Every structure is written in structure tokens, then in C-alpha cells.
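The sequence and structure come first.

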Amino acid sequence: MVVHVALTGATGFLGLRLLRRLLDTHRTLTVLTHAGSGDALHRVTRFFELTGAPQAFTAGLPGRLRVVETDLAQPRLGLSARRFHELADDIGALWHSAGSINLEGDLPALRRTNVEGTRHILELAAAGRQRPVVHHVSTAFVAGARREGVAYEDELDDACGFENAYERSKYEAELLVHAWSREHGRPVLVLRPSILVTDLPPHPELPSHPLMVIERILRDARRAAGHGCADGAAPDRVPGPRDQCPGLPDGGPSGPVAVGRPRVRTVGHPHGRLNLLQVEHAAEVMVRLAALTPSGGVDTYHVVHDRDVPVPTVVTLLERLIPLAIDLVAQKPDDPSALEALLDFYPGMTSYLAHRRRFDDTRVRSSLGPSAISAPVGLDYLWSGLARRGRATAGPPDTPTTACPPVRHA
Ligand SMILES: NC(=O)c1ccc[n+]([C@@H]2O[C@H](COP(=O)([O-])OP(=O)(O)OC[C@H]3O[C@@H](n4cnc5c(N)ncnc54)[C@H](OP(=O)(O)O)[C@@H]3O)[C@@H](O)[C@H]2O)c1
């Protein structure tokens, strides 16, 4: 029997890779796209074009993808009751990858998309005549603010709190999934990826790399603290006043601009580590896990790399991207510089540099064997996915950076 699959978040960083994998085995798919967020079919097609898909494949996409515009945050996903029930009855499997990954977001907004959105997707699954199986994309970071030790696949608690509202919202969404599975006696696959990365260079028509947000915050803070242009090499244009420091009233303080590589002390652990996994590999593993026979309840898997990336490697990457010299310190400095004070606004992000925990993925490895292991993620791989074309490195720390045009202030 052919199972008709629906996927949310198909225009996202992970969703596009899931879509690619699902199209390998399904002639047609329904994509539940974000209403009012641009032409989803065009965005999907551009992804396939930019990643080298044959022309015949991309030309066939309009006939293979049924696009249904939805809003996760709205009851019935913003659809009429009739449309909602028709949609539910068509679906044999439901992949839920849509969500907000805004690490700076506030809890009410994140709850609307990630928690209420999951509730509405579960309601869709409950309404369907075919009793669709649900594949819910969560995150390994539901483990929260526990910085040491091992996080296991069968754990779900808030004992250590959370580093940010995003983590909490994803935790609450998983709680909903468990309650729904118990109430309806239905299986759910919960997939918990770590931080997903790519070596595909940034492109304005592709979803942004999750680590770019950290780069942007460091760059904006550097500019706002008066350290001038933060690109590693001479920029190809003089930034306009509004795009120097988005989110800051005037694009940064006025007055003379210091250039160079300012030192910034940030709390972190020299033996810390972060789990980063190639997004293509994550999508492949997820689709293979979905093919396993479900237990009947909630089956949770850590979709993670078998080797963590040392925090000093991440620091080197950031120093290559932004002319900063980052010193990891055990505690917040008592005498923060202007730059350090600005970075203190983002504790939910910088706190990851203090993490030393490991994610146990025994279930994945015992189900899929050694093929679940992916190639190493190193500095060069990460650099490829973050460096804009034609951009030179910022040079090693302590090297004066290329002089860049003075930042103009509004
Ligand atoms: N990226 C990571 O490193 C990572 C790591 C662990 C877990 N995850 C999880 O993986 C999932 C996918 O993340 P991603 O990296 O693909 O994120 P992403 O690139 O930001 O994509 C998010 C997707 O959700 C859609 N969406 C957002 N708000 C919506 C709404 N109100 N209604 C309908 N659709 C909406 C977006 O559509 P538009 O683009 O049209 O707005 C987009 O397709 C998320 O659940 C995330 O928590 C991601």
C-alpha cells in the first residue's frame, strides 16, 4: 500500500534535506508550508537547483508536490474545518519538522510556534481516518542546562532548567507528544538532532546555517562596541547605517571607530565540546529510523555525531569569521568591556561554550549499525558552510585585520 506523506517545514534548513530523502521513495508528497512566507515551491525548487539536481527532476517538482499553506500557530493550522479534515484523511504519515529555532526568541512566541504548533499537528494526526504515524523533529537540546555527564534518549525532564526559551519550548512540545501518544494509543517517532551543519556555502536563497546566528551576534556586538567593520576581509561594500547593527537603534554608537581584533572574555570550558552533525546525514538517518517497526508508544532517538567538536575548534572558527580574540574564562568578568557587556545580552547562546556533556545514541547505533556514523566535522568543513564566497579568513588571532572603511552612523 502506498502511504501518502505530509511534511511540515519543507522550506527549512533540515526540512529541505528531509524532502530530498522522502522524494527518493515517494512519487508525490504534501508539503504543509508557512502561509505568507513566500512562494514555497519556488524556494524548494531553488534549493534543488543550487544543490545540483538534474533539470528533469526540478521540472517535475510541481507535479510531485502538493503545497498546502498553513500556520502552525493557528487552530486547525489556519484551515477551514472542512479543509482540515480532508487534509487529515489524505495523510498516511506526518513528518513535523517546522518550528522556530530562534535562540534569542521569547518564550510566548516560541511556544506559539513550537508548542501550539505541535499541538495542532497532533490534532491533524488524530483527525485522520488513516491514523497517520507521526514523526516529530525535536532537538537533543531538550536536555537543557545540564552541562556535564551523559544525556540519554529515554530522558525527558526539566531538572536542570534550560539555557534558553527555545530549549524549553521544544521540551514542552515533547511532553505534548508523550501525552498524545498515551491518550490515543498511537506510536510517535521523536527525532532529536544535535546542531545541524553543512559545508554548502551560504546563499541568499538558502535557509541560513544555524551557526550563522552566533556569528551575526558577535559581529553586531563588535560593531556596536565601536570596533568597526567586523568582516574578516575588506568588505565589498560599505554597510548602510541600518544594516550595521540590526536591532540597535542607530546602528551603533557614534564617535571614532576602533579597528583590529578586540579581546573578549566569555565563559566557556577549554575541554568543552559541542555535537555538530551534517544536516544531509541527519536527514538520511531520520528517514531510515522512520522505516523501523514502531514500538507502539514514543520511540526517541538522538540523531547525533559520534565525535563531538572541541569548544576550542568552535572558538577558532568564530575567530576566523569575526576579528575577535576570544578568551574562555571560568566566570563572567567583574569589569566587562563594552563588547563583553553587549554579549552578555545573549547568555542563552554563549553558554554552549561551557558544555561538556555527551549525547548517548545507543538506540540509533543498535538499530542502524555502523552506517549511522558520519564523516568527521572539522574546522575546514565548518568554514566552508559559513564563509561567503571570495571572503578571506580574518587571519590568526592577534593579527591586525585588513583596514576596512569606517562605519558610518546614522
Ligand atoms: N537547525 C538545527 O541545527 C536544528 C537542531 C536540532 C533540532 N532542530 C529542529 O529541526 C526542525 C527544523 O529546523 P530547521 O533547521 O529546518 O529550521 P528553519 O530552517 O528555521 O526552518 C523552519 C521551518 O519551519 C517553517 N515554519 C516556521 N514557522 C512556521 C509557522 N508558523 N507555520 C508553518 N511553518 C512554519 C519555516 O517556514 P518559512 O521558512 O516559510 O518561515 C521553515 O520551513 C525544528 O523543529 C528544529 O527545532 C534543528
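## Helix α10 and its cover

In this predicted model, helix α10 spans residues 311-321, and its buried residues are V311, V314, V315, L317, L318, E319 and L321. The elements that cover these buried residues include two helices, α7 (212-224) and α14 (379-386). Strands β10 (273-274), β13 (309-310) and β14 (325-329) are also part of that cover.

## Packing of α10 against α14

The axes of α10 and α14 come within 10 Å and cross at roughly 35°. The crossing is right-handed. On the α10 side, the contact is made by T313, T316, L317, R320 and L321; α14 contributes L379, D380, L382, W383 and L386. Sorted by class, the residues of this contact are six nonpolar, two polar and two charged.

L317 and L321 are among the buried residues of α10, and both take part in the contact with α14.

## H4

H4 lies in the segment before β1 (5-8). Its side chain makes a polar contact with the side chain of T30, at 2.6 Å. Apart from neighbours within four places in sequence, H4 is in contact with T28, L29, T30, R66, D90, I91, G92 and A93.

## Around the ligand

The ligand is surrounded by 27 residues, of which the closest are T11, S37, R43, Y166 and K170.

For D71, a polar side-chain atom lies 3.0 Å from a nitrogen atom of the ligand.

Terms used: Residues are numbered from 1 along each chain as its sequence is written. This is a predicted model: local features need pLDDT of at least 70, side-chain atom pairs count only at pLDDT 80 or more; totals for chains, interfaces and linings use all residues. Side-chain values use heavy atoms; hydrogens and water are left out. Buried means under 20% relative accessible area, exposed over 50%, partly exposed in between (1.4 Å probe, protein chains only). Helices (H or I, at least four residues) and strands (E, at least two) are DSSP runs, numbered from the N terminus. Contact means heavy atoms within 4.5 Å. Axes are lines fitted to C-alpha atoms, for helices over the stretch in contact, and angles run from 0 to 180 degrees between N-to-C directions. A crossing is left-handed if the near helix is turned anticlockwise from the far one by less than a right angle, and right-handed if clockwise. Ala, Val, Leu, Ile, Met, Phe, Trp, Tyr, Cys and Pro count as nonpolar, Asp, Glu, Lys and Arg as charged, and the others, Gly among them, as polar. A polar contact is a pair of N or O atoms within 3.5 Å; within protein, one must be able to donate a hydrogen and the other to accept it, and residues adjacent in sequence count only if both atoms are side-chain atoms. A residue is near a molecule or strand if one of its heavy atoms lies within 4 Å of it.
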